[in-house]
Amino acid sequence: MARVLIVGAGLTGSLCAALLKKETARPLHLVVWDKAGDSGGRMTTANSPHNPQSTVDLGAQYITRTPHYAKKHQSFYDELLVHGILKPLTSPIEGMVMKEGDCNFVAPQGVSSIIKHYLKESGADIYFRQCVTQINLRDDKWEVFEEAGSPEQFDIVVLTMPIPEILHLQGDITNLISECQRQELESVSYSSRYALGLFYEAGVKIDVPWAGQYITSNPCIRFISIDNKKRNIG
């Protein structure tokens, strides 16, 4: 049985694992590593330290299905809607720019529930706080090193972490990336986002007419959301 390692437990890694399980004819032993303490990546949902049932989205706030995405990926939206992981976004978001044919969805259990769904579907073994540092090729196997433990061997390795982390990997992988590929990877840029979640006592009322609002008049704050109102969970 081939051992497959997927590095990164965000949307790309989790969906990749689920699709490999679904579409591959031969049996696979799927393993997912992530350097964080939980899955989600840029679709993270945080729990209150005092009440695990109280959560806030610190990554993506809602999912937009464009006509192009609907044409290519409708089956994914259908699956998530059937399982109740996505529901139509009906709460008011001030400043939202809607294009013709767009449809927005929200995740009632938090946006990270999408990632958790795909990881569960994949049946993969999932390990957190696994920071990959080096990848070598040994006898047609990939020998993968991580900071805290001994190296492990895999038949296939899929890297889904941010590109700067890929470019910092040591070992044989540095020679397997061509100069052209390296230049293309180095040309990718990321813009930083910082998220702050505030948890309130049950029953606190925030008297505003919106569930979320885009901010254009402040150089730092870009978006504010009242998560339970945004998700229609009372």
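**View 1. Strand E2 meets strand E9.** Strand E2 (residues 28-34) and E9 run parallel and are joined by 4 bridges. Strands here are DSSP runs (E) of at least two residues, helices are DSSP runs (H or I) of at least four, and both are numbered from the N terminus. Two strands count as paired if DSSP finds at least two bridges between them. The bridge partner of Asp-34 in E9 is Phe-128. This is a predicted model, in which local features need pLDDT of at least 70, side-chain atom pairs count only at pLDDT 80 or more, and totals for chains, interfaces and linings use all residues. Residues are numbered from 1 along each chain as its sequence is written, and side-chain values use heavy atoms, with hydrogens and water left out.

**View 2. The sheet that holds E9 and E2.** The sheet is open and has 4 strands, in the order E9-E2-E1-E13. Its pairing is parallel. E9 and strand E13 (156-159) are the edge strands, and each pairs on one side only. On average, neighbouring strands of this sheet are turned by 20 degrees against each other, direction ignored. Axes are lines fitted to C-alpha atoms, for helices over the stretch in contact, and angles run from 0 to 180 degrees between N-to-C directions.

View 3. Phe-128 belongs to strand E9 (residues 125-128). Is Phe-128 buried, exposed or partly exposed? Phe-128 is partly exposed, because its relative accessible area is 29%. The cut-offs are under 20% relative accessible area for buried and over 50% for exposed, with partly exposed in between (1.4 Å probe, protein chains only). Leaving aside neighbours within four places in sequence, Phe-128 is in contact (heavy atoms within 4.5 Å) with Ala-9, Asp-34, Ala-36, Gly-37, Asp-38 and Ser-39. Asp-34 is also the residue whose bridge partner in E9 is Phe-128. Ser-14 is 114 residues away from Phe-128 in sequence and 13 Å away in space, C-alpha to C-alpha.

View 4. Arg-129 sits in the loop between E9 and strand E10 (132-138). Most residues other than glycine have a negative phi. Arg-129 is not a glycine, yet its phi is positive, about 55 degrees. Arg-129 is exposed, because its relative accessible area is 62%.

**View 5. The E10-E11 hairpin and its turn.** E10 and E11 run antiparallel, joined by 6 bridges. Gln-134 has Phe-145 as its bridge partner in E11. The two strands form a hairpin with 2 residues between them. Asp-139 in the turn has a positive phi of about 55 degrees. Asp-140 lies in the loop between E10 and strand E11 (141-146). Asp-140, too, has a positive phi, near 65 degrees. With a relative accessible area of 72%, Asp-140 is exposed.

**View 6. E11 turns on to E12.** E11 and strand E12 (residues 152-154) pair in the antiparallel sense over 3 bridges. Val-144 stands opposite Glu-152 in E12. How many residues lie between E11 and E12 in their hairpin? There are 5 residues between them.

**View 7. Helices H2 and H3 cross.** Helix H2 (residues 67-82) packs against helix H3 (residues 112-122) at an angle of about 95 degrees, with the axes 12 Å apart. H2 and H3 are therefore roughly perpendicular. On this scale, under 35 degrees is roughly parallel, over 145 roughly antiparallel, 65 to 115 roughly perpendicular and the rest oblique. Phe-76, Glu-79 and Leu-80 in H2 meet Ile-114, His-117, Tyr-118 and Glu-121 in H3. By class, this contact has 4 nonpolar, 1 polar and 2 charged residues. Nonpolar covers Ala, Val, Leu, Ile, Met, Phe, Trp, Tyr, Cys and Pro; charged covers Asp, Glu, Lys and Arg; the others, Gly among them, are polar.

**View 8. His-117 in helix H3.** His-117 is found in helix H3. His-117 is buried, because its relative accessible area is 9%. Beyond its neighbours within four places in sequence, His-117 is in contact with Glu-79, Leu-80, His-83 and Ile-85.

**View 9. A sheet with mixed pairing.** This open sheet has 3 strands in the order E7-E14-E15, with mixed pairing. Strand E7 (93-94) and strand E15 (223-225) stand at the edges, each with a single partner strand, so one side of each has no neighbour in the sheet. Strand E14 (residues 212-214) pairs with E15 in the antiparallel sense over 3 bridges. Gln-213 stands opposite Ile-224 in E15.
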